[in-house]
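Here's a quick tour of the contacts in this one. Have the viewer open and follow along.

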Amino acid sequence: PNYYGINSIGANVLAEMDADYSGNIDDLEKELTTAGSLNYKIPGVEGLSAKVFYSYKFENRDLSNYRKRYDLYSYDATTESYNPTVLQNPTELSKSNRNRVQTVFQGSLSYTKSFFTKHNVKALALFERRYFNSDYLYGYRQFALEGLEQLDLGNLANQNLNGSSAYEAREGYVGKLNYDYDNKYLLEFS
């Protein structure tokens, strides 16, 4: 017969790679990242411009680990029989899901002007808002029967369910003023 044999460390790589025999891991990750900005020169005020920037990032990970009970065999020449060794007993399923969202918004006004050919002024006023949200959920159950790859069909004993979430928001303001004379002498305030 075609049995998966057991090696000296109590494993068999071929059996572990056979999803129908020992189970499987499905790991699906999705990510979306977008960013955009607009620049606008304000008419009527030479050197004055406005800028808006926004970025959005979404991440999702779904992980499913289905570990089936399976046997590896060692041959006993004296009895001419195959002796099973049970691994991953009982069959178990763990699933987890993680979602993350991060946004960044920036709005700024900048001003650049030269006076009398040697006096140069630059100014910047900037506002930034960052937001981060993360949610995580994990579930685990053991199974008396194989082939029931759904958490709600598992045994009630030894079940596990937990999760977490995190929220973070920040706002910041920056102001900066530069003056230089003839591109040689510089004063800067922020």
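How exposed is Arg67: buried, partly exposed or exposed? Arg67 is partly exposed, because its relative accessible area is 32% (buried means under 20%, exposed over 50%, partly exposed in between, using a 1.4 Å probe and protein chains only).

## Ground rules

This is a predicted model, where local features need pLDDT of at least 70, side-chain atom pairs count only at pLDDT 80 or more, and totals for chains, interfaces and linings use all residues. Residues are numbered from 1 along each chain as its sequence is written, and side-chain values use heavy atoms, with hydrogens and water left out.

## Salt bridges

There are 11 salt bridges, each one a side-chain nitrogen of Lys or Arg within 4 Å of a carboxyl oxygen of Asp or Glu. Arg67 teams up with Glu92, with the closest N and O atoms 3.3 Å apart. Arg67 sits in strand S2 (residues 48-67) and Glu92 in strand S5, so this contact ties together parts 25 residues apart in sequence. Strands here are DSSP E runs of at least two residues and helices are H or I runs of at least four, numbered from the N terminus. Glu92 is partly exposed too, at 21%.

Asp71 and Arg69 meet at 3.2 Å, N to O; Asp71 is buried at 14%, while Arg69 is partly exposed at 29%. Arg130 and Glu128 form a salt bridge at 3.0 Å, with Glu128 buried at 19% and Arg130 partly exposed at 35%. Asp27, Glu29 and Arg61 are linked in a salt-bridge network.

## Aromatic pairs

The model has eight aromatic pairs. The rule: rings of Phe, Tyr and Trp (its six-membered ring) pair if their centres lie within 6.5 Å, with planes under 30 degrees apart counted as stacked, over 60 as edge-to-face and the rest as tilted. Tyr4 and Tyr21 make a tilted pair, 4.8 Å centre to centre with 55° between the planes. Tyr4 is in the segment before helix H1 (13-17) and Tyr21 is in helix H2 (residues 19-22), 17 residues apart.

Elsewhere, ring pairs join Tyr3, Tyr73, Tyr75 and Tyr82 into a cluster.

## Hairpin and loop

Strands S3 (residues 70-76) and S4 (residues 81-87) run antiparallel, joined by seven bridges; strands count as paired if DSSP finds at least two bridges between them. Leu72 has Thr85 in S4 as its bridge partner. Four residues separate the strands of this hairpin, and Glu80 takes a positive phi near 50°.

Thr117 lies in the loop between S5 (91-115) and S6 (119-143) and is exposed at 75%.
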